[in-house]
Structures are given as C-alpha cells and as structure tokens.
2 protein chains.
Amino acid sequence: MEKEKKFMREAIKEAKFALLEGCSPFGSVLVKDGKVEFRAHNTTTKDNDPTAHAETSVIRKACKKLKSKTLKGYTLYTTAEPCAMCMTASVFAEIDKIVYGVPVIDFLRINKERSLRMTPQAWKRIKIKGGFLKRECSELYSGF
Amino acid sequence: MEKEKKFMREAIKEAKFALLEGCSPFGSVLVKDGKVEFRAHNTTTKDNDPTAHAETSVIRKACKKLKSKTLKGYTLYTTAEPCAMCMTASVFAEIDKIVYGVPVIDFLRINKERSLRMTPQAWKRIKIKGGFLKRECSELYSGF
C-alpha cells in the first residue's frame, strides 16, 4: 500500500507538469523492480496529438528506449483509470499490472465538461461501415 | 460503393508496404473531399511501438501536419475493423466515418495465431487495481 502511494505520487507529479504546459492533468509512470523507469504526462494540446495520453505516451517512450514491443515486468501507475485506447495499448504492450488513482466513474462526476468525449454520445457520432473489398482484404491476412 | 472500393484499394496498398517492412499487413488512409490526404501502415515491429497500428499512426500523422487535435470531415479507410485502441483514437480525433475491409470476427478466423492478443485471455492477464490516492488524484480534476 505504501509502495503504491509512493509511485502514485510520482504519477501525480507528472500530471502537474501537464497542467504547466496547458494540457490536461494526467500523469503516468512505469515501474520495474521497485524503481520508476519511465514517466510521461498528457500532451494532447501541446503536441496536437489526440493519442498523446499519459499512459500511451509512457508506453511508446519505454518501448522505443528499450527497443521492445512489450513491457513485461512493468507496472503502470496512472492518475486516472485508463480510457479504452490506453487500456488496449497496455494489453498490447503486455504490461503486468495497472494501478490507477481516480476511477472513470468518479472522473465523469468531477469533471462533466471534459469527460463528454468518453460518453456513449461521443461514440454514436462516428459512422462505421464494414465489409468493403472484404475478399481482397482477407487475402492480406491469410498468408502472412 | 465504387468510391469506397477505390479508397479501400489505397488502404490495401499501404498494407502491402507494411509487409515489405516485416510488419503486419494493415493499412489506412484518411480521405477528405474525395481525396486521399494521409496514409500510414502498421509499423509496430519496425518501430518497436505497440501503438503504431495503421489507424492510430495515420491519425497522429494527420493531426501533426494539420496542427489540430481533431479531424472533422475526414473518413478513415482501413483494411480491417479497428481494434479498441484505434477505434477510441478515432473517436477522440472526431473522425466523421470509418470504412473497413475485414470484420474482426473474420480476422480472428483467418489468422488465429496473430489474433490471440485480441482475445479475452489477453485482457485477463493484466492485473488492475484502482483507487490509490484517490483524493489527491481527484483534486487534479476538479479545478482544471
């Protein structure tokens, strides 16, 4: 419990850096063998990158540095429960464990305006149609 | 229908570039006003980046070039139904529409080995614990 708090405080520090840069206060650190090895914060506004969430950024940074597509043995500490994008990135990166601060349900309650994009309404706005050139596309995946 | 096929063929071209680079054959293009404006393919292996899926990469590339966090008016053409990471990135980027080739359900059938990471088993492997320093983390989100 003390260990979790110690590393969560490091994630909070990162979140505060994001605020200083005019970005949303989300911070993440990647821990291995009791040591913070990588840190990142949200830079979506600063970098004009809707995918530059703290979690996705720290995963990209660590993988690049380690020259590895996976991060086995790492725990991700992050100030809020990861969105579906960051959660999926964590699964792809084969991270061992995620420890988060605020659950999404509380986040939505605290900051209604900023959390609109996480609601079903945001998802319903996008039109999705599938099955175009399905045969040609399928051929891509049968042989590789 | 002809328009969809034309742009899907461009996405397929990108997927083939990925194969040439030793990466998985996924390709995406972003179309606006009847024109392909941005293109990308999977580079996860080449770049050691588990988030470098074709869809997420083309979104990042377009936002960077346009200096915008959103891509209103764009349609994403992509060779396979986007994973949860890319689908969420598309929602954040406020893309108008997604047109895909192979549905995930077919992809799983075609390529069992490669699709293991998209199964519930892959998700179950990751441990998730929440609510650490919840008060301190919540304070980050109440004022910004």
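Begin with strand 5 of chain A and strand 4 (residues 97–102) of chain B, which pair in the parallel sense over four bridges; strands here are DSSP runs of E with at least two residues, helices are runs of H or I with at least four, both numbered from the N terminus, and two strands pair if DSSP finds at least two bridges between them. The model is a predicted one, in which local features need pLDDT of at least 70 and side-chain atom pairs count only at pLDDT 80 or more, while totals for chains, interfaces and linings use all residues. Residues are numbered from 1 along each chain as its sequence is written, chains are lettered from A and ligands numbered from 1 in the order in which they are written, and side-chain values use heavy atoms, with hydrogens and water left out.

Within that pairing, select Lys129(A), whose bridge partner in strand 4 of chain B is Val99(B). Widening the selection to the whole open sheet gives five strands in the order 5(A)-4(B)-3(B)-1(B)-2(B), with mixed pairing. At its edges, pairing on one side only, are strand 5 (127–130) of chain A and strand 2 (35–41) of chain B, and the twist from one strand to the next averages 20°.

Next, show the helices over this sheet. Helix 7 (residues 134–142) of chain A lies across strand 3 (75–80) and strand 4 of chain B, at about 65° to strand 4 of chain B, where axes are lines fitted to C-alpha atoms, for helices over the stretch in contact, and angles between N-to-C directions run from 0 to 180 degrees. Helix 1 (residues 2–20) of chain B also packs on the sheet, touching strand 5 of chain A as well as strands 1 (27–32), 2, 3 and 4 of chain B, with contact meaning heavy atoms within 4.5 Å.

Now move to the other sheet, in which five strands follow the order 2(A)-1(A)-3(A)-4(A)-5(B). Strand 2 (35–41) of chain A and strand 5 (127–130) of chain B each have a single partner strand, so one side of each is left without a neighbour in the sheet. Inside it, strand 3 (residues 75–80) and strand 4 (residues 97–102) of chain A run parallel and are joined by five bridges, with Thr75(A) standing opposite Lys97(A). Helix 3 (residues 54–66) of chain A packs on this sheet, its direction making about 125° with that of strand 2 of chain A.

To see how the copies are arranged, superpose them by least squares on the C-alpha atoms of residues with pLDDT of at least 70 in both: a rotation of 180° with 0.0 Å of shift along its axis brings chain A onto chain B (RMSD 0.0 Å). The two copies are thus related as by a two-fold rotation axis. Select Met85(A), the residue of chain A that comes closest to that axis, at 1.9 Å (C-alpha).

For the interface, colour the 74 residues of chain A that are in contact with 74 residues of chain B. The area buried between the chains, meaning the accessible area (1.4 Å probe) that two parts lose on being put together, summed over both, is about 7000 Å², of which carbon and sulfur atoms give 69%. Select Phe92(A), Tyr141(A) and Phe144(A), which supply 12% of the area that chain A buries against chain B, more than any other three residues.

Finish with the six salt bridges between chain A and chain B, each a side-chain nitrogen of Lys or Arg within 4 Å of a carboxyl oxygen of Asp or Glu. One salt bridge to display joins Lys134(B) to Asp106(A), with the closest N and O atoms 3.2 Å apart.
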